Amino acid sequence: MHPMLNIAIRAARKAGNVIAKNYERRDDIETQRKGIHDYVTSVDKAAEAEIIEIIRKSYPEHTIISEEAGALAGQDGDVQWIIDPLDGTTNFVKGLPHFAVSIAIRVKNRTEVGVVYDPIRNELFTAVRGEGAKLNELRLRVDNKQELNGAIIATGFPFKQPQRMPTQFAIMQHLIEDCADFRRTGSAALDLCYVASARVDGYFEMGLKAWDCAAGELIAREAGALVCELDGGHSYLRSGNIVAAPARVLKEILAKIQPCLPQSE
């Protein structure tokens with residue numbers, strides 16, 4: 001096992017335990033508004049603290065970039081841990097049992113390890129670059145679907161950037177001409193893992209942050225999916241605009257998406 005994967009799994013499970021325990025007593029949770037339709041809870045912060053503590057004990061020199069704490073610089077800036085302690089906070093607050101811990105490790109700007117842990121289902125998605133992806137101990141492989149026709153496509157709405165909603169709906173209008181249906185679950189990390197595990201046939205979203213998708217995109221790629229920007233480029237961790245699907249499905253998704261994009265995309 002990759003030595004950093006072991007620590008990432010330990011951190012994800014520890015944070016997941018914090019989340020699962022608090023899920024049973026949500027009335028005690030403190031919730032604060034960070035921005036438009038954007039919230040943070042005391043559980044996000046507690047889970048994040050557990051993750052940071054475990055990383056710091058094993059790799060005190062590494063840099064940590066987390067949704068709530070921001071950038072915690074270490075002596076070794078070449079290794080970055082990209083953390084979302086609770087991806088799907090709104091689901092958590094509302095009592096909808098679909099959320100996850102997401103941890104990615106990037107070395108010299110290349111993602112080497114990805115871990116996404118769903119504490120409610122006890123599903124641990126993992127990947128190491130070049131070594132494939134797993135769900136618990138089961139090897140993952142994307143569905144070898146050959147066309148968009150009949151596909152189930154996951155997505156998320158750019159609710160923090162409402163000016164992008166017309167583009168979102170235009171893309172969906174084009175896709176529904178061929179795909180069977182959409183799924184909008186509220187966790188980008190799990191959407192990407194569901195592409196990897198063939199629970200959905202493809203996924204697209206706009207306006208993400210790196211911590212939302214860095215781990216999930218590696219898991220999807222290591223399971224055989226292709227991942228790119230809406231325009232086919234590869235800077236999706238920076239732009240926050242992402243598409244993931246098996247090769248032939250991805251080609252058709254991009255053909256549907258690209259006419260909908262404003263020039264600024």
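This is a predicted model: local features need pLDDT of at least 70, side-chain atom pairs count only at pLDDT 80 or more; totals for chains, interfaces and linings use all residues.
Arg238 sits in helix α7, which covers residues 236–239.

- Is Arg238 buried or exposed? Arg238 is exposed, because its relative accessible area is 70% and the cut-off for exposed is over 50%.
- Arg238 and Gly207 are 31 residues apart along the chain, and their C-alpha atoms are separated by 9.8 Å.

- As background, strands of a sheet pair through backbone hydrogen bonds, in either a parallel or an antiparallel way.

**Strand β11 and its two partners**

- Strand β11 (residues 152–156) is largely enclosed by the rest of the structure, because five of its five residues are buried.
- Which residues of β11 point which way? Ile152, Ala154 and Gly156 point one way, Ile153 and Thr155 point the other way, and all of them are buried.
- On one side, β11 runs parallel to strand β12 (residues 181–183), and three bridges join the two strands. Ile153 has Phe182 as its bridge partner in β12.
- Getting from β11 to β12, the chain passes through helix α4 (residues 165–175), and this β-α-β crossover is right-handed.
- β11 also pairs with strand β13 (residues 202–205), in the parallel sense and over four bridges.

- Helix α5 is mostly covered, with nine of its nine residues buried. Among them are Leu190, Asp191, Tyr194 and Val195.
- Helix α5 (residues 188–196) also packs with helix α6 (residues 210–222); their axes are 8 Å apart and the angle is about 5°. That angle makes α5 roughly parallel to α6, because angles under 35 degrees count as roughly parallel.
- On the α5 side of this contact are Ala188, Ala189, Leu192, Cys193 and Ala196, which meet Asp212, Cys213, Gly216, Glu217, Ile219 and Ala220 in α6.
- By residue type, the contact of α5 with α6 divides into eight nonpolar, one polar and two charged residues.

**Asp118 in strand β7**

- Asp118 belongs to strand β7 (residues 110–118).
- With a relative accessible area of 0%, Asp118 is buried, because buried means under 20%.
- What does Asp118 touch? Leaving aside residues up to four places away in sequence, Asp118 touches Phe99, Ala100, Glu123, Leu190 and Tyr194. Leu190 and Tyr194 are in α5, where both are buried.

**Two residues with positive phi**

- Ala198 is not a glycine, yet Ala198 has a positive phi of about 65°. Its place is in the loop between α5 and β13, and Ala198 is partly exposed, with a relative accessible area of 31%.
- Lys108 is not a glycine either, and has a positive phi of about 50°. Lys108 is found in the loop between β6 (100–107) and β7, where a relative accessible area of 62% makes it exposed.

**Glu24 in a loop**

- Glu24 lies in the loop that runs between α1 (3–23) and β1 (31–35).
- Glu24 counts as exposed, at 66% relative accessibility.
- From C-alpha to C-alpha, Glu24 and Val113 are 31 Å apart in space, and in sequence they are 89 residues apart.

Methods: Residues are numbered from 1 along each chain as its sequence is written. Side-chain values use heavy atoms; hydrogens and water are left out. Axes are lines fitted to C-alpha atoms, for helices over the stretch in contact, and angles run from 0 to 180 degrees between N-to-C directions. Angles under 35 degrees count as roughly parallel, over 145 as roughly antiparallel, 65 to 115 as roughly perpendicular and the rest as oblique. Contact means heavy atoms within 4.5 Å. Ala, Val, Leu, Ile, Met, Phe, Trp, Tyr, Cys and Pro count as nonpolar, Asp, Glu, Lys and Arg as charged, and the others, Gly among them, as polar. Buried means under 20% relative accessible area, exposed over 50%, partly exposed in between (1.4 Å probe, protein chains only). Two strands pair if DSSP finds at least two bridges between them. A crossover is right-handed if, with the strands pointing away from the viewer, the path from the first strand over the helix to the second runs clockwise.
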